[in-house]
Amino acid sequence: MGEGCVDMKMEGVEEKCKQSERGHFVLIHGIGGGGWCWYKIRSLIESCCYKVTSLDLKGAGIDPSDPNTILSFHDYNKPLLDFLSSLPHNEQVILVGHSAGGMSVTDAIHKFPKKIKVAVYIAATMLRTGFMSQQDIKDGVPDLSEFGDVYDMGFGLGPEKPPTSVVVKKSLQREIIYQMSSLEDSTLASILLRPGPIQALQSAQFKEGEGAERVRRIYIRTTHDRVLKVEQQDAMIRRWKPQHVYTLDSDHSPFFSAPLALFGLLVKVAASFD
């Protein structure tokens with residue numbers, strides 16, 4: 001199905017899609033990323049007549065907010081919550097989160113379960129109620145200690161306080177995050193990646209919402225992931241079992257390293273829940 005969409009001639013596709021739009025994907029980036037992360041996936045999915053929204057969370061992408069001033073997860077995730085709140089009453093979306101974007105997806109599941117047709121976690125933090133325990137931290141927080149001193153940190157509350165933002169050092173980004181991706185894509189990411197509001201993400205805790213357990217969830221594992229290790233992904237899958245689990249032979253960023261395979265899975269998921 002996916003290949004057929006890619007093979008379509010682009011001439012006239014936009015007009016055809018207006019008449020036969022299949023559904024609406026909402027794509028959520030990880031810490032420091034932005035809507036730009038999804039440029040390959042977005043173009044592929046749109047060629048299949050799906051509507052696609054790739055949001056920038058607060059302090060990410062082209063959002064002008066200083067990440068060092070974003071201290072609560074609610075504030076950070078507000079662009080997604082506002083977007084879902086603005087949807088027509090009867091519209092449901094296919095909500096996709098990558099990496100720390102999984103926390104944004106879970107927050108939305110608890111707050112807007114009726115607006116989500118299916119939630120997809122891609123190499124993502126999938127914790128039912130956020131960071132409530134040491135086990136949650138062990139499973140959901142990347143451990144990059146094997147790479148040494150990896151982060152550039154911002155201290156918006158003062159040098160004596162915990163960091164308010166972090167970003168992997170440019171010299172290590174390709175080795176850790178994009179080791180199977182093209183040099184062009186890892187170079188693009190090194191230009192666009194921003195410090196992420198680490199205090200906001202660490203504070204993510206969710207009250208279980210009515211109807212949240214009825215939202216269908218899919219997890220896509222990434223077997224060569226150096227950020228969120230396969231063991232961590234599997235631990236979260238065991239603790240909060242999704243309806244389906246798929247596996248990609250990719251690094252932490254399959255939208256760069258395995259775009260066609262990821263696209264095929266996303267379209268397959270969308271079609272199976274139509």
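Visitor: Why does Thr125 count as buried?
Guide: Thr125 counts as buried because its relative accessibility is 6%. Buried here means under 20% relative accessible area, while exposed means over 50% and partly exposed lies in between, using a 1.4 Å probe and protein chains only. This is a predicted model, in which local features need pLDDT of at least 70 and side-chain atom pairs count only at pLDDT 80 or more, whereas totals for chains, interfaces and linings use all residues. Residues are numbered from 1 along each chain as its sequence is written, and side-chain values use heavy atoms, with hydrogens and water left out.

Visitor: And where does Thr125 lie?
Guide: Thr125 is in the loop that runs between β4 (116-122) and α6 (134-140). These labels are DSSP runs numbered from the N terminus, with helices being H or I runs of at least four residues and strands being E runs of at least two.

Visitor: What is Thr125 in contact with?
Guide: Beyond its neighbours within four places in sequence, Thr125 contacts Ser99, Ala100, Gly102, Met103, Phe131, Gly140, Leu228 and Met236, where contact means heavy atoms within 4.5 Å. For Gly140 there is also a polar detail, as its backbone oxygen lies 3.2 Å from a polar atom of the Thr125 side chain.

Visitor: Ser99 is on that list; what is its phi?
Guide: Ser99 has a positive phi of about 55 degrees although it is not a glycine. Ser99 lies in the loop between β3 and α5, and it counts as buried because its relative accessible area is 12%.

Visitor: Which other residue has a positive phi without being glycine?
Guide: Cys49 is one of them, with a phi near 70 degrees. Cys49 belongs to the loop between α3 (39-46) and β2, and at 7% relative accessibility it is buried too.

Visitor: Switching to the sheet, what is the strand order?
Guide: The six strands of this open sheet run in the order β2-β1-β3-β4-β7-β8, with parallel pairing; two strands pair if DSSP finds at least two bridges between them. At the edges are β2 (51-54) and β8 (244-248), each of which pairs on one side only. Neighbouring strands are turned by 20 degrees against each other on average, direction ignored. The axes behind such angles are lines fitted to C-alpha atoms, for helices over the stretch in contact, and angles run from 0 to 180 degrees between N-to-C directions.

Visitor: How many bridges between β3 and β4?
Guide: Six bridges join β3 (residues 93-98) to β4 in the parallel sense, and within this region Ile94 stands opposite Val118 of β4.

Visitor: Which strands does helix α4 touch?
Guide: Helix α4 (residues 73-86) packs on the sheet against β1 (24-28), β2 and β3, and its direction makes about 165 degrees with that of β1. Helix α10 (residues 230-239) also packs on the sheet, where it touches β7 (216-222) and β8, and its direction makes about 165 degrees with that of β7.

Visitor: What about Asp107, buried or exposed?
Guide: Asp107 is buried, at 2% relative accessible area, and it sits in helix α5 (residues 101-111). Its side chain makes a polar contact of 2.4 Å with the side chain of Lys111. A polar contact is a pair of N or O atoms within 3.5 Å; within protein, one must be able to donate a hydrogen and the other to accept it, and residues adjacent in sequence count only if both atoms are side-chain atoms. Not counting residues up to four places away in sequence, Asp107 touches Phe73, Asn77, Leu81 and Phe206.

Visitor: Which domain does UniProt list?
Guide: The UniProt record, an unreviewed entry, lists "domain: AB hydrolase-1" for residues 25-261; its positions use the numbering given here, feature names are shortened, and annotations may be inferred rather than shown by experiment. Over residues 25-261 the chain is 33% helix and 17% strand, with the end C-alpha atoms 17 Å apart.
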